[in-house]
Amino acid sequence: MIGGRLNLPLLSGGRTLGEIKESKARQSAAQSQYEDTRIQVEEDVRLALQSLTAEGEGVRTADTQVTLAERELKLAHDRYAAGVGDNIQVVSAQTSLAGARQARVVAQARYADAQANLAMALGQMRTFHL
């Protein structure tokens with residue numbers, strides 16, 4: 001006995017076409033998601049750079065305030081030593097200097113935070129293990 005089998009994929013042509021369309025749709029969705037992610041990363045980096053620049057200005061401003069407060073304290077001490085100023089001016093200048101130093105510490109912390117945000121946006125964030 002001799003037998004044969006003939007397999008004609010008459011109905012699988014539509015299925016194959018459907019799979020091709022589905023694959024193209026998945027590819028298009030993946031490309032769209034990639035573009036969205038790329039745009040978001042660019043925006044994150046741009047914002048992080050702007051923040052870093054602004055916080056750097058904040059540190060420079062705080063440094064200037066400390067310098068001015070130190071000069072003010074020296075002048076208040078000099079006036080007090082010369083007998084033309086009083087103790088209230090010295091205490092006030094000391095308070096101003098303490099406030100300026102505190103503002104500088106805050107500005108430096110914000111700058112460090114901005115540096116970390118930029119590193120994270122660039123994908124260069126490192127972790128530290130104790």
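Me: I understand that a residue is called buried when its relative accessible area is under 20%, exposed when it is over 50%, and partly exposed in between. What is the relative accessible area of Glu 42?

Reply: Please keep in mind from the start that this is a predicted model. In it, Glu 42 has a relative accessible area of 38%, and therefore counts as partly exposed.

Me: How should I read a salt bridge, and which residue forms one with Glu 42?

Reply: The general idea is that side chains of opposite charge can pair when their charged atoms come close. Here the partner of Glu 42 is Arg 38, and the closest N and O atoms of the two are 2.7 Å apart. The two residues are four places apart in helix α1, so about one helical turn separates them. Arg 38 is itself partly exposed, at 31% relative accessible area.

Me: Which other residue meets the side chain of Arg 38 in a salt bridge?

Reply: That residue is Glu 35, with an N to O distance of 2.8 Å. Arg 38 and Glu 35 are three residues apart in helix α1, which again means a separation of about one helical turn. Glu 35 has a relative accessibility of 27%, so it too is counted as partly exposed. Taken together, Glu 35, Arg 38 and Glu 42 are linked in a network of salt bridges.

Me: How many salt bridges are found in the whole structure?

Reply: The search finds nine. One of them joins Asp 63 to Arg 104, whose closest N and O atoms are 3.8 Å apart.

Me: Is Glu 55 buried or exposed?

Reply: Glu 55, which lies in helix α1, has a relative accessibility of 14% and therefore counts as buried. Its side chain is joined to that of Arg 110 by a polar contact of 3.2 Å. If residues up to four places away in sequence are left out, Glu 55 touches Arg 110, Tyr 111 and Ala 114.

Me: Now I would like to read a nonpolar core. Which residues make up the largest one?

Reply: As a general idea, nonpolar side chains in soluble globular proteins tend to be buried together. In this model the largest nonpolar core has eight residues, namely Val 66, Ala 69, Leu 73, Ala 76, Val 90, Ala 93, Leu 97 and Ala 100. Helices α1 and α2 each supply at least two residues of this core. Ala 100, looking beyond its neighbours within four places in sequence, is in contact with Gln 65, Val 66 and Ala 69. There is also a second, separate core of five residues, among them Val 45, Ala 48, Ala 114 and Leu 118.

Me: How do I compare distance in sequence with distance in space, for example between Leu 47 and Leu 118?

Reply: You set the two values side by side: Leu 47 and Leu 118 are 71 residues apart in sequence, while their C-alpha atoms are 8.5 Å apart in space. Leu 47 has its place in helix α1, which covers residues 12-82. With a relative accessible area of 43%, Leu 47 is partly exposed.

Methods. Residues numbered from 1 in each chain as written. Predicted model: local features only at pLDDT ≥ 70, side-chain atom pairs only at ≥ 80, totals over all residues. Heavy atoms only, no water. Buried < 20%, exposed > 50% of the residue type's maximum accessible area, 1.4 Å probe, protein only. Salt bridge = Lys/Arg side-chain N within 4 Å of Asp/Glu carboxyl O. Core = buried A, V, L, I, M, F, W, Y, C linked by side-chain atoms within 4.5 Å. Contact = heavy atoms within 4.5 Å. Polar contact = N/O pair within 3.5 Å; in protein donor to acceptor, adjacent residues only side chain to side chain.
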